[in-house]
Amino acid sequence: MTARQTALVVGGTGPTGPLVVNGLIERGFEVTILHTGRHETPLIGPEVRHIHTDPFDGEAVRDAVDGEDFDLAVVMYGRLRVLASLLADRCGHFVSIGGVGVYRGFGSPDDLFPLGMTVPLAHDAPLVGDGEEFRKLRMIRVTEEAVFEHHPHAIHLRYPQLYGPRQPLPREWPLVRRALDRRPYLVVADGGLTVKSQGWIGNAAHATLLACDAPAAARGGTYNVADSSALSIAQIAEVVADELGHSWELVSLPYNLAAPARPLVGSWSTTHRVLDIGPTVRDLGYRDVLAPVEAWRAAARWLAENPLERGGTLEQRLGDPFDYEAEDRLVAAWKEAQQDLVGIFAGIDWLSEPNYGSAYVGNRPNPGVLEKRESLNSADSRPKPAG
């Protein structure tokens, strides 16, 4: 008999942690998790060994693993720069988790030309530079560099914003609560068309386990983790409402007026943040475990069954006051203003009314185009059967 491979997981009790731990057990690893012990979970069985210490305290971690070696180390929590150094001679394969904010312009898209990140943002796009971005984001880059300094053949994963069960701060709660409260409308910014890469917890855990398998092509590489496709805020809102047996009117306001939409956008800008995961698919063999529409349905169901405390600390941290009275006044004022603008705009004379162009095909009229030409584009202009 040969000895079982050993794995050290730093963290392991967060949203993705138990999925990774149990996936490693299924792969035949003998797993040890190193964490504070404050967040034990029944999702991890008794066969897993626990080391309770502070993952942010380098000396405490050094003492806790003194004399131990592991075939695999997965660092999902703690001070990664320090842990990478401490585990340099203690593991055969190193997998680490970081963030996507390492890309230049992530925190300040107006610094880019043209304004905003490209869609998708290339995997090898420029990273934050010294002195040109927020310190917090620069340190993500410095941490990545430290990982490969100590583990040249490591695999480093950049996690996006995650969604799904057990999130410490579920950013989809503003949608879920409003659907549960049967709000007749939802205020969205700029049509709710903002798209950003996010990750269902099961999909992120799956990508992490693929990195643990250590494919040769991926060693020494950094990979973006995200669902294979991304839904806009409006699409997510539609899915969440439908899953919870509700429907609402999406009321679109320009972002500078759409205050209730700020927590959903999560930024002062509605520009997109869509990541290129092509190398993750190519080198790690990544595929979604759960497609985004079904994943968002599952996230909505879980939160409906496990709601945040209304007015509690977590809800307050989301930055959403759920001030429905103010929202009602805002929507009423906006709709009244729209009615006033209809008359103003109707008085504008065009030399020739702008239309959708000669290549347009759709089930709505093309403004200013003659009915005879328009019929060629109509949805009911189907070939008649022969005979």
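This is a predicted model: local features need pLDDT of at least 70, side-chain atom pairs count only at pLDDT 80 or more; totals for chains, interfaces and linings use all residues.
Q: OK, salt bridges. How many are there in the whole structure?
A: The search finds 19. The criterion is a side-chain nitrogen of Lys or Arg within 4 Å of a carboxyl oxygen of Asp or Glu.

Q: What does R178 pair with?
A: With E327; the closest N and O atoms are 2.5 Å apart. That links distant parts of the chain, since R178 is in helix α5 and E327 in helix α12, 149 residues apart. Helices here are DSSP runs (H or I, at least four residues), strands likewise (E, at least two), numbered from the N terminus.

Q: Where does helix α5 run?
A: Residues 173-180.

Q: Is that pair buried or exposed?
A: R178 is buried at 3% relative accessibility, and E327 is buried too, at 6%. Buried means under 20% relative accessible area, exposed over 50%, and partly exposed in between (1.4 Å probe, protein chains only).

Q: Which polar contact does the R178 side chain make?
A: One with the side chain of E327, at 2.5 Å. A polar contact is a pair of N or O atoms within 3.5 Å; within protein, one must be able to donate a hydrogen and the other to accept it, and residues adjacent in sequence count only if both atoms are side-chain atoms.

Q: And what else does R178 touch?
A: Leaving out residues up to four places away in sequence, its contacts (heavy atoms within 4.5 Å) are R183, L186, W248, D320, F322, Y324 and E327.

Q: What about D213, what's its partner?
A: R27, with the closest N and O atoms 2.8 Å apart. D213 sits in the loop between α6 (201-212) and β10 (221-224), and R27 in the loop between α1 (17-26) and β2 (30-35), so the bridge ties together parts 186 residues apart in sequence. D213 is partly exposed at 42%, and R27 is partly exposed at 36%.

Q: And R297, which residue does it bridge to?
A: D242, at 2.7 Å between the closest N and O atoms. R297 is in helix α10 (292-305) and D242 in helix α7 (233-243), so parts 55 residues apart in sequence get tied together. R297 is buried at 19%, whereas D242 is partly exposed at 45%.

Q: Switching topic: how many disulfides?
A: The search finds 0, with the cut-off being two cysteine sulfur atoms within 2.5 Å.

Q: Last one: what makes up the nonpolar surface patch?
A: L341, I344, F345, I348 and W350, giving about 540 Å². Patch residues have over 30% relative accessible area and no salt bridge; like charges are joined within 9 Å, nonpolar side chains (Val, Leu, Ile, Met, Phe, Trp, Tyr) within 5 Å. Areas come from the Shrake-Rupley method with a 1.4 Å probe; for residues, only the protein chains shown count as cover.

Q: Where's I348 in that?
A: In the loop between α12 (324-346) and α13 (371-374), and I348 is partly exposed at 43%.

Methods
Residues are numbered from 1 along each chain as its sequence is written. Side-chain values use heavy atoms; hydrogens and water are left out.
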